[in-house]
Amino acid sequence: MYYIMVLHHMSKVLNNRLIWLDDERNPFKDKWVSSYSPIGTNCEIIWLKSFYEFKEEIDKNGLPDAICFDHDLSDTENSKEMTGYDCAKYLVDYCIDNNLDIPPYNIQSSNPSGKENISGLLNNYIKYRKTTS
């Protein structure tokens, strides 16, 4: 199950959607979103905790305006760990299939190699898009 919180500004519902992918860090506590969101805090925050929630959200609602990734998700299916990197791969495949750019993103993972892998994958796709546009 995932959580959605709509933040209001001057009594208007905001249109920007931020996917917060993290199984531990609660985006509604502390200053996680203000520290990592590439689009600020005045947005709808969709808190997802697993690869399958991430995939379902993208398939159902399309790309968000921004994404914040964690790497280690404590998400397993059939003994295979699904990570934020798997989510990033799914995102790239979705963007390739639909001829889309990667939305702005940031990575709040405390796993340095996982963070580097996600960043490398997304940056390579961004470079690819620039050369083929």
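Residues are numbered from 1 along each chain as its sequence is written, and side-chain values use heavy atoms, with hydrogens and water left out. Because the model is predicted, local features need pLDDT of at least 70 and side-chain atom pairs count only at pLDDT 80 or more, while totals for chains, interfaces and linings use all residues.

I start with the cores. A nonpolar core here is a set of buried Ala, Val, Leu, Ile, Met, Phe, Trp, Tyr and Cys residues joined through side-chain atoms within 4.5 Å; buried means under 20% relative accessible area, exposed over 50%, and partly exposed in between, with a 1.4 Å probe and protein chains only. The largest one has 25 residues, and Leu 21, Phe 54, Phe 69, Leu 91, Ile 102 and Leu 122 have the most contacts inside it. Which element gives the most to this core? Helix H3 does, with 7 residues. Elements are DSSP runs numbered from the N terminus: helices are H or I, at least four residues, and strands are E, at least two. Apart from this core lies another, of 8 residues, including Leu 18, Val 33, Cys 43 and Ala 66.

Next, the helices. H3 (residues 84-98) packs on H4 (residues 112-132) at an angle of about 10°, with the axes 9 Å apart. Axes are lines fitted to C-alpha atoms, for helices over the stretch in contact, and angles run from 0 to 180 degrees between N-to-C directions. The pair therefore counts as roughly parallel, the term for angles under 35 degrees. On the H3 side the contact (heavy atoms within 4.5 Å) includes Ala 88, Leu 91 and Val 92; on the H4 side, Ile 118, Leu 121 and Leu 122 are among the residues.

Now strand S5, residues 44-48. Are its residues buried or exposed? Of its 5 residues, 5 are buried. Glu 44, Ile 46 and Leu 48 lie on one side, Ile 45 and Trp 47 on the other. S5 runs parallel to S4 (residues 17-21), joined by 5 bridges; strands pair if DSSP finds at least two bridges between them. Ile 19 has Ile 46 as its bridge partner in S5.

Last, two loop residues. Asp 30, not a glycine, has a positive phi of about 55°. Asp 30 sits between S4 and helix H1 (32-36), and is exposed at 67% relative accessibility. Asn 99 also has a positive phi, about 50°, in the loop between H3 and strand S9 (105-107). Its relative accessible area is 56%, so Asn 99 is exposed.

Terms used: Angles under 35 degrees count as roughly parallel, over 145 as roughly antiparallel, 65 to 115 as roughly perpendicular and the rest as oblique.
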